[in-house]
Amino acid sequence: MTHNVKVFLVDDDLLSLNTYRQGLENSGYKNIHLFLNGIICLNNLHQKPNIIFLNHEINDSSTFDLLKKIKQSLPSAYIILISREENIKVSIGAMKHGAFDYIVKGDDDIRKMNNVIERILSLNTI
Amino acid sequence: MSYHKLLQKQINKYLPEELRQDPALQHFFLAINESYSSYERDKELLNHAFSISEQEYQTLYENLNREYELKNISIEKLRQAVRNIKKENDSDINFDNEDLLIIVDYINSEVHKRKETEDNLNRTLKLLTTLLSNLNSGILVEDEHRKILYTNQLFCDMFAIAASPDQMTGIDCSDSAEQSKHYFENPDQFVTKISEVLRNKVAVFDDELKLTDGRILKRDYIPIYIDNQYRGHLWDYEDVTDRKKFENQLVDVTNIQNAILNGTDYSIIYTDTNGVIKSFNQGAEKMLGYLSSEVVGIHTPAIFHDISEVASKAKSLTQELGYEIKTGFDVFVAKSRNQSAETNEWTYIKKNKERINVLLSVSSIRNSKNEIIGYLGIARDITEQKIAETELKRSEERYRNIVENSTDIIYKINKNGYFTYVNPVAERITGYKQEELLNKQFTKLIRNDFKKETIIFYNEQIELKKPTTYYEFPITTKNGEERWIGQSVQLSELSKEDFELTALAIDVTERKNYERTIFLQKEKYQNIIANMNLGLLEVDQEEKIQYVNPGFEFISGYKAEELIGKNAAKLLVSESHLNLVKSKQKLRAEGQSDSYEVPIINKKGELKWWMISGAPNYDNKGKLIGSIGIHLDITEQKQLELDLELSKSKAEESSKAKEAFLANMSHEIRTPLNAIIGMIRELSKEKLSPKQETFVENTAIASQHLLSVLNNILDISKIEAGELQLDLHHFDLQKILNDVKSIMLAKCGEKGLYLKINHIENKNVTFIGDSSRFRQILLNLIGNAVKFTDYGGITVEYDVEDLHTGYQAVYISVSDTGVGMDESFLKNIFNKFSQEDSSTSRKYGGSGLGMAITKELIQLMNGSIEIKSQKNVGTEIVMKFLMPIGDPSKLLKNDFVSVENTGKLLNILLVEDNEFNRLVACNTLNHFNCKITEAVNGLEAIDILKSGKSFDVILMDLQMPVMDGFESTRIIREILKIATPIIALTANAFKSELELCLKLGMNDCVTKPFEEEKLLNSIYKLTQSNDQVPILEALQKQNSSKKLYDLSQLKSMSRNNDEYCKKMISLFIEQSTEALSQIIEAYAQKDLTTVHSISHRIKPSMDLMGIELLKQPIRFIEKQSRDNRDSEELKQQIYFLREVLNNTLIQLKEEEV
């Protein structure tokens, strides 16, 4: 089951991308695709990812635009925002724009990401 | 059997019963009975006959009586009649006479008379009948029994009766109404009416009857009474259809006239010949506010006229007509008396005193004899019209202004193509005057080669009656210039045959030129694409070739038809490179473009290198439809590149050889030089004769010079190798200048030159920088100045200027009164080995490296240098630096004094193979309360250390036989685990070597030949327990352990995937290097937001790399910068971050990549 989940990681930081990928791969998720920016991610939505982790830049409203566009193109996708900073506004905004969850970057990002994926899988919709 | 009753009685009386039955008797009786009956019957018959005769007689009698009476009555009546007939003069006749004969005679005569009268009557009747038959009316005369007495032909015609009037006579008409009612529109009403008329027997005239066929008949009914006795009647039918029609029309006309008269807004006033108002219509009432009753009978000019206007009109009329017109009614009618009507504008004054403008038309009214019987004045209120006219005039004015002042050309042309109107812009653009244009045909302006198609275009507009068109064409102006005109032309038809064209045109010359340029450019680029040596390829999303240009055909060797529809990569790219091409194609799908080089096999089978620049190709809706590739054959370049690489590696090899040579040379030269300088220093401390002292001094100068030449050569080598690094610390610029002055003063004194260096008061002169390099620069520049100046002297001036926080601009100028330089030489002054000419070189000496090094150093310090020089006048050199402000409390202590002052005996292990150098070092250090233990090589040193002797500092030469300094240090740190500070002594001042030293766990490095000050300073630093520089302290701590990082976390995460680890490390190096410089720069700009965001970003990766030393500092920096709190501590932490991270990166690069 877990092997079928297609995950998109969107972050402008290649190091973070690779770290996350390794972390998720260690948990058995093998179908992971990395994107350095939102445009490429949008252009690849035809691959129908199940889960998208979206990096949110501080004070960058374009993330919400991206979120909205993804939701429009692929409503079935679960989108999780990863933000560098805890911010109530961002978390509310994320939920409002259709994000499934909101992760604050910290010391155990990968554990959090794994938890979210498990939660999504337990919904049995994928 | 019964018998006659009388018989029966007789029988009964006289005959017995028995006889009675006797048949004979009976028969007898029967016969008697019969007789009886016959008797009875005869009697009855007789009676009857008598009564009849009686009756007849009676009747006769009665008749006779009656006749008699009648006769009497007749006679009486006759008498009466005769009496009646009897004329008055016949009185002598007595009709009462019984003698009827008189009467008869009278009657006879009367009858005779009557006969005559009757004849007359008949004649009259005939006349009447003829008259009636010829009347224009249909006549029907009936008697009292409704039998036709007479009718005429017209009547028959009127009702379409086939019979002739004569045949009609005598016919009963009592049912005629019912029979003929279908002729009439209201048949029932017709019948009712007739019966009513007949009943009333009273004359009825002018009954109008409408017939179904549209005719209208007028009917008169005349009852005929003779002697008061009704004797019949006459119907007179007249066809009044035409008259009626005419009447109706008349009514209409009258109504219309009335409506016009009263319904119109015109004031219509009728006066008699004297000007007395006779009629004043509703329009006039409405216009003037007076009621008709108020003005009728008044003499004009009336209350509603403006007398002064009338007076002035009278004057002008008098003048016009040549005879006097008095102010009065004449003014209005003077002209219309002779002419039919006269129209003038007048002012009317309304009852409410409001004045209105009217157009008054006065005409004379004449009777049939053509005599004037009155005047009719019809006035129309033109006040609004006047206003409208003024308004119109104004708007026309406005419109004309717009047209005339428009920036567009506006013109009109008529159907013959001539201009009928042009605005000023047309003049300006065409260069022709308005008059010139108005005489011109529009087509004359069009440039010749465009004439035909323009005319065709507009002919089409006219033929097809297109209301508006737009067209562009060039015209030739009066002075022969060409201008492009774009015009909208509106076609307006004036009549069936006539039309005009109105054009709104603009000068589109500029745009046209622009378009032409674009067109030419497009053409040009298309030509270029078609003919370029670059191969252009368009492929669809399946990588099938859609288009190739000739260039591609040329470089691939394939023809277009061989390529279209094929997969280019499969056709051309060798198997080994297919993956590369595929990955590029994938990039296109992601919308990325880039270029790459790939080897291909052309049709001939030759190996070619192509540079392919690919980009995704979108259609105009932005949908990806494939990609476009530009292919450049770079086979030759590739060959060159390979050659170049080869020669580069050769060059690099030779450069390395040079570096090695220099390193060796410097070592070989420095070692003895070290000894010489040291020996001379020691010698100068001995008691010498004055002559010996001079020799020693000169020897010292010569060896110092040699050293400086050597240093210069080393410096330039380092610069070339990118090895030169600044040693940043806090320093006092004034002190440096003072040092330089004290050094140079002696030289100046020798040549009799002055040396002035200014002082700065009340300004910060402490900076962070490399003081020794500053000193080097200044010594070089001042040294040059002294060298090239024979008279006068040298002036050094400096100044500082506060800039943004933390920085100052430092200006230093060195000017001399020396020989100066040519401008041409100034260009080359910073080149290596350059002196103005060989003679200069011979005269002044020098390596020619000084300025080159100076320039490099200044650049390294982010400074600039500028030289102004004039031959034989002097040279001025100005330098400018941007320096971070230093902290005076952190100036390096002046040092060996302190060593002396500690009073503490230092145990020093000196490891050095060169005897002379050992001697020099011992001598130097002995002066400063140090106990020296000597070892000839590393092995010896380790033996000594193993024996348990402890030292405060180890001075370690690097290049030694048996065991060199590197190996020794490693053993000391790793095997012996001895943490004693080690100072490397090296003749090799290369950075790479220094880095290696530090990495191996050495604590500092001093280059040979060492200056006492430097060596002592280093020893002092490392032996002081309370070190002031935490960075170095941390480094020392860290240096004693092995690595600054720990990859265990990364490795466990990657499940020991080395490939992945390596990739992550190189990513980390790349990212951190960039991030570090960003942080430093941002902090220098005091941009804490950026510091925060970057530190936040790199924090996880530093954790991943296990850089324990930075775990807390990076969090501190992140937190402080987030709160925007700048502090000394933050600054230190950032410097610490830089030092540690730099070292970590170096380690990572060497160990892991």
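This is a predicted model: local features need pLDDT of at least 70, side-chain atom pairs count only at pLDDT 80 or more; totals for chains, interfaces and linings use all residues.
Reader: How do you know that the span of helix H22 (residues 575-589) of chain B agrees with its number of residues?

Author: At 1.5 Å a residue, the 15 residues of H22(B) should span 21 Å. The end C-alpha atoms of H22(B) are 22 Å apart, and therefore the two values agree.

Reader: What makes Val581(B), Lys584(B) and Arg588(B) buried residues of H22(B)?

Author: A residue is called buried if 20 or more other C-beta atoms lie within 10 Å of its own. Val581(B), Lys584(B) and Arg588(B) are classed as buried. They cover an arc of only 60° around the axis, and so lie on the same side of H22(B). As a general rule, an α-helix has 3.6 residues a turn, so residues three or four places apart point the same way.

Reader: What covers the buried residues of H22(B), and which residues does the face turned away from the buried side carry?

Author: The cover includes helix H21 (568-572), strand E18 (594-601), strand E19 (607-618) and strand E20 (624-633) of chain B. H22(B) lies across E18, E19 and E20 of chain B and runs at about 150° to E18(B). The face turned away from the buried side carries the exposed residues Glu575(B), Asn579(B), Ser583(B) and Lys586(B). After H22(B) comes Gly591(B), with a positive phi near 85°.

Reader: Why are strand E17 (545-548) and E18 of chain B said to stand at the edges of the sheet?

Author: The open sheet is formed by five strands in the order E17-E16-E20-E19-E18 (chain B), with antiparallel pairing. E17 and E18 of chain B each have a single partner strand, so one side of each is left without a neighbour in the sheet. From one strand to the next, the twist averages 30°.

Reader: What makes E19(B) and E20(B) a pair?

Author: Two strands pair if at least two bridges are found between them. Nine bridges join E19(B) to E20(B), which run antiparallel. Gly614(B) stands opposite Gly629(B) in E20(B).

Reader: Which strands pair with strand E11 (residues 409-414) of chain B, and over how many bridges?

Author: Strand E15 (residues 499-507) of chain B is joined to E11(B) by six bridges, in the antiparallel sense. Strand E12 (residues 419-422) of chain B pairs with E11(B) over three bridges, also antiparallel. Ile410(B) has Leu504(B) as its bridge partner in E15(B), and Lys412(B) has Tyr421(B) in E12(B).

Reader: Which residues make up the covered face of E11(B) and which the uncovered one?

Author: Ile409(B), Tyr411(B) and Ile413(B) form the covered face, whereas Ile410(B), Lys412(B) and Asn414(B) form the uncovered one. In a regular strand the side chains alternate between the two faces of the sheet.

Note on methods. Residues are numbered from 1 along each chain as its sequence is written. Chains are lettered from A and ligands numbered from 1 in the order in which they are written. A residue is buried if 20 or more other C-beta atoms lie within 10 Å of its own, exposed if 12 or fewer, and partly exposed in between; C-beta atoms are placed from the backbone. Helices (H or I, at least four residues) and strands (E, at least two) are DSSP runs, numbered from the N terminus. The expected span of a helix is 1.5 Å times one less than its number of residues. The arc is that of the directions from the helix axis to the C-beta atoms. Two residues are in contact if their C-beta atoms, placed from the backbone, lie within 7 Å. Axes are lines fitted to C-alpha atoms, for helices over the stretch in contact, and angles run from 0 to 180 degrees between N-to-C directions.
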